[in-house]
Amino acid sequence: MTNNQRQQLLQELLEKQKAGKLTPAERYKIPQQDMPEQDPATRIGNVNEVATGYTETQARLEALRCLRCKNAPCVQGCPVQIRIRDFVVAIAEGRYKEALSIIKENSLLPAVCGRVCPQENQCQLTCTVGKKFKDPTKAVSIGRLERFVADLWSGPSRPEHGDQNAEAVPAVAAETGKKVAIIGSGPGGIVAAADTRRAGHDVALYEAFHKPGGVMVFGIPEFRLPKAIVQKEIDILTRMGVKIVYNFIVGKTRTIQQLLAKDGFDAVYIGVGAGLPNFMGIEGESLVGVYSANEYLTRANLMKAYDYGSGSDTPIALSKKVAVVGGGNVAMDAARTALRLGAEKVYLVYRRTEKEMPARIEEVHHAKQEGIEFHILQSPKRVIGDDNSHVTAIECLKYELGEPDDSGRRRPVPIKGSEFIIELDTVIIAIGNKPNPLISKTMPELKITKWGTIVVDEHTMATSVPRVYAGGDIVSGSATVILAMGQGRIAAAAINESLSKK
Amino acid sequence: MSHKIVSKKQVSDDVFTAEIEAPLVAQARQPGQFVIISINNEYAERIPLTIADADPEKGTIRLIWQRVGKTTAELSDLQIGDKITNVAGPLGNPTHLEKFGTVVCVGGGIGNAPLLPIAKALKEKGNKIISILGARNKKLLILEEEFAGTSDELIITTDDGSYGRKALVTEPLKEICQRSPKPEQAFAIGPAIMMKFCCEVTKQFGIPTQVSLNTIMVDGTGMCGGCRIEYDGQPKFVCVDGPEFDGHKVNFDLMMKRLNAYKDQEQREHEKYKKHKCKIGLDK
């Protein structure tokens with residue numbers, strides 16, 4: 001469809017809509033709008049964002065596909081219950097500012113969530129249009145619409161929409177004199193900091209790294225989530241008066257007890273994520289050239305290793321053939337990063353099938369488009385190295401799917417005698433993270449589960465220690481940006497409530 | 001917040017020491033811990049350096065480093081009053097200190113720096129301290145005076161015999177292990193190869209030996225796993241499980257290979273930096 005055709009169609013549809021004559025059948029017929037994106041051959045040579053965003057015409061056409069269901073099942077699918085139907089309708093009618101305020105009632109980071117939420121498992125899974133086509137990826141493209149309105153204000157500048165970059169800083173209530181410490185500047189921390197600051201508390205946001213944003217900055221690559229978007233959110237916090245302290249490792253630089261007893265904080269929110277990478281426990285996993293995805297992505301993203309030798313001082317393996325082990329978003333990110341760092345061949349080794357992959361469908365699609373070679377139903381048995389302990393190959397086993405396991409996914413069972421060798425020079429392990437015990441180790445009174453996650457009351461996110469709250473991956477294990485954000489918001493509300501009584 | 005260099009000294013050809021403002025780290029730090037620093041925010045590398053000493057009142061920590069690559073070279077070129085953008089810490093677990101009895105402390109090269117606060121703390125706990133300090137030659141020997149002040153017995157070795165005994169540290173170490181009674185505990189901190197051979201000696205005599213490892217790190221908080229070693233056949237993270245380990249269980253050979261993972265790339269960058277300095281006259 002050309003741009004002109006799209007505009008023409010939009011005009012016709014808008015007139016029908018105005019006359020109240022746009023039927024569900026006609027809405028179903030509106031072609032789903034594809035996300036414009038950089039050509040695969042071009043994009044593997046740069047680190048810029050792959051998906052470039054809907055045009056206004058596309059956004060309104062896509063929004064017109066929404067049936068405006070009375071019961072709005074999409075809202076139930078959203079972990080933070082954004083009034084999705086209402087914001088989509090507002091976009092269809094060209095009321096963008098209103099659409100954004102509707103989203104912001106429940107989510108502070110729409111430019112981020114529009115890009116990284118697994119919509120096909122959330123709002124798009126329950127969308128009636130998706131159900132009609134029996135495919136959540138054919139539902140109303142809610143994430144793309146969320147991104148569209150968010151980008152008008154918080155994304156990279158779009159001059160065609162006028163200068164709308166100067167988003168108003170949220171109003172801050174009169175100073176209460178109460179102090180709140182937020183630990184971790186990831187999505188949960190950003191929201192908790194904003195919400196507690198809005199209530200007039202004196203808020204300090206502590207970050208262990210030298211840059212803010214947590215996983216959104218060190219983990220998710222620029223080509224999927226531009227760092228400028230996260231920085232904009234941080235700038236808003238600073239303008240609201242939140243103090244950001246870098247290189248501050250709670251549990252090491254100061255303990256939570258010290259923050260509460262000596263530094264005068266009235267409440268603490270722990271949003272440190274699940275930071276310890278899992279390894280497979282196989283032979284050869286510590287050979288030179290074996291990375292955790294965390295290390296590989298941190299070197300590439302946060303430390304800008306792609307500029308090594310022409311600016312950046314952080315090196316990274318100069319890989320030719322790479323295998324990434326895992327099937328989640330992090331595995332896709334690592335594989336696609338390896339390509340952009342110059343690898344000639346990148347394999348993705350996953351022990352189940354594509355259907356069981358936890359990655360977003362869009363990421364799997366992009367990875368394939370870019371030439372990542374999928375090796376499904378396979379898993380490494382050992383890593384093989386040369387005399388210098390450099391990786392030269394992995395020995396893999398083939399798998400088949402057996403009975404469903406605890407996660408409901410069919411359990412992969414190794415096929416005896418199916419060993420084979422893949423030659424390569426780099427292996428990236430992307431099989432998830434576990435909670436970092438840095439804080440719990442210094443706080444024996446903090447109740448944790450046998451997996452090391454912090455136990456909380458889910459209505460308030462309060463931990464077993466008075467005045468200490470927690471949310472995000474340190475509570476849920478490995479989850480999503482939106483869930484972390486939602487929990488940050490619940491905790492902030494509980495903190496505000498409890499401080500107002502004091 | 002950035003961290004001012006309040007004093008700086010060149011200790012030997014390639015070894016430097018500086019006091020750096022870092023009040024919170026100075027307050028919290030215990031012997032055996034380290035910091036991660038990076039000189040600036042945009043492109044600088046993050047490197048771990050052991051905290052050699054701290055003055056909580058002044059709010060300063062003392063770092064000692066050897067010029068081996070571009071980052072340590074740049075650090076060496078900073079002057080009093082200059083600032084380091086990032087200092088994060090204190091990281092790692094503090095040294096386990098107790099009254100063992102007689103403790104032999106073996107330091108090699110730059111390893112004397114992290115060893116000193118441990119020797120001091122062990123002395124305060126009432127241990128008898130025998131220190132063995134090794135260096136390639138007299139010029140490279142550091143902290144001799146400080147160790148003399150804290151040791152009951154001090155042995156110096158140099159590879160070329162330019163000072164002290166012409167030997168590797170393992171020679172006097174073996175003699176001390178053969179004494180009766182033998183030392184109760186050993187600490188060995190220095191180049192990986194030195195720690196490896198020290199551990200081989202003490203193992204023969206059944207003397208528990210703590211080593212402090214300085215592997216390649218990015219975050220220093222357990223997030224990346226780049227610092228992992230093979231310990232008793234299992235992966236361990238130097239940043240959160242260490243930096244000190246029972247040296248008899250460390251796979252030093254693999255650790256040395258991992259330390260060299262970026263050697264070629266890093267050498268090229270260091271050469272480039274030196275040439276650049278030459279061109280703009282900074283080396284004068």
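**Legends: one helix of chain B, then the two chains**

View 1. Around the buried residues of H5(B), the cover includes strand E8 (102-108), strand E9 (128-135), strand E10 (153-158), strand E11 (165-166) and helix H6 (192-204) of chain B. The model shown here and in the other views is predicted.

**View 2. The buried residues of helix H5 in chain B.** Helix H5 of chain B runs over residues 170-178. Its buried residues are Thr170(B), Pro172(B), Leu173(B), Ile176(B) and Cys177(B). Because these residues cover an arc of only 160° around the axis, they lie on the same side of H5(B).

**View 3. The fold of chain B.** Chain B contains 9 helices and 16 strands. Its C-alpha trace spans about 60 × 40 × 40 Å along the principal axes. Where contacts in chain B join residues at least 6 apart in sequence, 65% of them link residues at least 24 apart.

**View 4. The surface and charges of chain B.** The chain carries 38 positive and 37 negative side chains. The centres of these two sets are 3 Å apart.

**View 5. The fold of chain A.** Chain A has 21 helices and 16 strands. Its radius of gyration is 24 Å, close to the 23 Å that the globule rule gives for 502 residues, so chain A is as compact as a globular protein of that length. The C-alpha atoms fill a box of roughly 75 × 60 × 50 Å along the principal axes of chain A. Buried residues account for 59% of the 502 residues. Among the contacts in chain A with a separation of 6 or more, 68% are between residues 24 or more positions apart.

**View 6. The surface and charges of chain A.** The accessible surface of chain A is about 20100 Å², and 53% of it belongs to carbon and sulfur atoms. Chain A has 64 positive and 57 negative charges, whose mean positions are 4 Å apart.

Key. Residues are numbered from 1 along each chain as its sequence is written. Chains are lettered from A and ligands numbered from 1 in the order in which they are written. This is a predicted model: local features need pLDDT of at least 70, side-chain atom pairs count only at pLDDT 80 or more; totals for chains, interfaces and linings use all residues. Side-chain values use heavy atoms; hydrogens and water are left out. Helices (H or I, at least four residues) and strands (E, at least two) are DSSP runs, numbered from the N terminus. The radius of gyration is taken over C-alpha atoms; the globule rule is 2.2 Å times the number of residues to the power 0.38. Buried means under 20% relative accessible area, exposed over 50%, partly exposed in between (1.4 Å probe, protein chains only). Contact means heavy atoms within 4.5 Å. Accessible areas come from the Shrake-Rupley method with a 1.4 Å probe; for residues, only the protein chains shown count as cover. Lys and Arg count as positive and Asp and Glu as negative; His and the chain ends are not counted. The place of a charge is taken as NZ of Lys, CZ of Arg, CG of Asp or CD of Glu. The arc is that of the directions from the helix axis to the C-beta atoms.
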